[in-house]
Amino acid sequence: MTLKCPSDPVNLYDDAVIRNPWPHYARLRDLGPVVWLESLGNYAFTQYDTVRNGLRDHETFVSSLGAAADEYGCTHQRGNTVASDQPRHTTLRNAILPPLTMGNVAALKPRIQAVADEIVDACVQKGQFEAITDLAQPLPLTVVRELIGLPDFGRENMLKWASAAFDMQGIQNARGQAARPVIAQMREFITKETTPDKLKSGSWAHRISEMAASGDLDPELAPFAIRDYINPSLDTTISAIGHFVYHIGSNPQIWDHLKANPELALSAAHEAIRIGTPIRSFSRHTSKDVEVAGHLLPKGARVMMLYASANRDESVFPQADHFDIERRNVRRHLAFGAGIHMCAGMHLALLEIECLIRAMTQRISAFEIGEPQVAMNNSICAFANLPVQIHTKV
Ligand code: HEM
């Protein structure tokens, strides 16, 4: 017997909801593991188990019809790694993965730590700084730009492109529509400017373009692979650093504990990623009629995987709204997804954040944060501004 699915009127892309989505997620979780979102015409998986099991079942919950929240966004992104199924997904993922494996990323540690040290030194020098533009953005922008090796196109372009791509993964509200020309500009740039002669030798993009030139990768897939290094690699990591600073700034006793135990830096990075969940949600489509928790979802239904809600599920993360760097099971969070589409860049993101935390623990004894401003993006949960005042240097 299938039960009537509970429904809720919330529009998860409303400005007010984006500013504070947490009570809405709590209400949706209380309604049940599967909820019909009236204003979007989508189902949502709200609780930890439903989200994780759905992500792991990539044959029932497919990605090739798109991972955005409406039809336009889904159509627009089809063919991207994140919006494809086997065999295309396997080909693209195998092409992009080698430089992002744990071992290859670990070899980058000295360079990433040096960049992180420089950035924190500059902030300490200022005494008063802005956590997003002075601390969070420079690290992935410097590291990822060096590694990708595209011709110089400026930090503003890269941030603008990445954030537009995430707006497009929501719905066609003002943000989704404004993203269209920006994404068109990025796609044109990548198509024109990524021939092997224009790319830094040995870089990630150079490697992809050589694979295309030598026949190891279908040349039609090369721009998709290069976009995988640009679009998801900035706003996500920047968001996580912002959440870290916010929570550690709100809990001075945790900062003292972390300074005394810097080996907790990686756990602290995971906890910031869990509690902030940089990508609030992506979607899947059902490839057949399927029953989930007693509810029948018809073939072709769009299902939102609410990673951010799953990561606050009290049945898995007790006192889920509390920032706890000693959380025993923190690595079970779903902020990187799960299953075959699990984040390809997670080792790089974690290393960047860990290096930044270590640099901070060695240089900042105490600090205070001001009033944060939430960034308005359809998919990314982040702060746009977060003022910081350093009180004492180590
Ligand atoms: C804290 C930082 C990050 C977070 C929270 C994050 C989150 C995610 C999530 C949730 C997915 C899964 C999408 C799905 O289920 O459909 C994903 C996929 C992906 N991420 Fe990340 N990401 C981060 C950093 C990065 C970085 C630094 C890179 C690249 C250098 C990257 C590249 C990718 C790619 C290529 C995919 C698509 C994988 C696939 O479809 O097989 N991400 N990420």
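Predicted model: local features only at pLDDT ≥ 70, side-chain atom pairs only at ≥ 80, totals over all residues.

User: What about S2 and S3, parallel or antiparallel?

Analyst: Antiparallel, over 4 bridges. S3 covers residues 42-45. Val34 has Phe45 in S3 as its bridge partner.

User: How many residues sit between the strands in that hairpin?

Analyst: The hairpin of S2 and S3 has 4 residues between the strands. Gly41 in this hairpin takes a positive phi near 70°.

User: What is the bridge partner of Phe45 in S9?

Analyst: Met305 in S9 is the bridge partner of Phe45. S3 and S9, residues 302-305, run parallel and are joined by 3 bridges.

User: What's the strand order of the sheet that holds these?

Analyst: S1-S2-S3-S9-S6-S4. It is an open sheet of 6 strands with mixed pairing. S1 and S4, residues 61-62, are the edge strands, each pairing on one side only.

User: Which strands does H3 lie across?

Analyst: H3, residues 48-56, lies across S2, S3, S4, S6 and S9. It runs at about 120° to S9.

User: Now the 3-stranded sheet. What's its order?

Analyst: S5-S13-S10, an open sheet with antiparallel pairing. Its edge strands are S5 (128-130) and S10 (364-369). The twist averages 35° from one strand to the next.

User: How many bridges join S5 to S13?

Analyst: 3 bridges join these antiparallel strands, and S13 spans residues 387-393. Glu130 stands opposite Pro387 in S13.

User: Which helix lies across S5, S10 and S13?

Analyst: Helix H7, residues 109-126. Its direction is about 130° to S5.

User: Switching to the ligand. Which residues come nearest?

Analyst: Thr236, Gly337, Cys343, Gly345 and Ala349, out of 29 residues around the ligand. By class, the shell has 19 nonpolar, 8 polar and 2 charged residues.

User: Which helices supply at least two residues each?

Analyst: H5 (88-96), H13 (222-230), H14 (235-250) and H18 (346-363). The largest share, 3 residues, is from H14.

User: At what angle do H14 and H18 pack?

Analyst: About 35°, with the axes 10 Å apart. The crossing is right-handed. H14 brings Thr236, Thr237, Ala240, Ile241 and Phe244 to the contact, while H18 brings Ala349, Glu352, Ile353, Leu356 and Ile357. That contact splits into 7 nonpolar, 2 polar and 1 charged residue. Two of those names also belong to the ligand site: Thr236 and Ala349 are among the residues that come nearest to the ligand.

User: And H5 with H13, how far apart are the axes?

Analyst: 10 Å apart, with a packing angle of about 60°. That angle is why H5 counts as oblique to H13. The crossing of H5 and H13 is right-handed.

User: Which residues make that contact?

Analyst: From H5, Leu92, Ala95 and Ile96. From H13, Phe224, Ala225, Asp228 and Tyr229. By class, the contact of H5 with H13 has 6 nonpolar residues, no polar ones and 1 charged.

User: One more pair, H16 and H18. At what angle do the axes cross?

Analyst: Roughly 120°, and the axes come within 9 Å. H16 is residues 265-276. The two helices are therefore oblique to each other. H16 passes H18 in a right-handed crossing.

User: Which residues of H16 and H18 meet?

Analyst: Ala265, Leu266, Ala268 and Ala269 in H16. In H18, they meet Leu350, Ile353, Glu354, Ile357 and Arg358. The contact of H16 with H18 has 7 nonpolar, no polar and 2 charged residues.

Key. Residues numbered from 1 in each chain as written. Pairing = 2+ DSSP bridges. Axes fitted to C-alpha atoms, helices over the stretch in contact; angles between N-to-C directions. Contact = placed C-beta atoms within 7 Å. Near = placed C-beta within 6 Å. Nonpolar A, V, L, I, M, F, W, Y, C, P; charged D, E, K, R; others polar. Parallel < 35°, antiparallel > 145°, perpendicular 65-115°, else oblique. Left-handed = near helix turned anticlockwise from the far one by under 90°.
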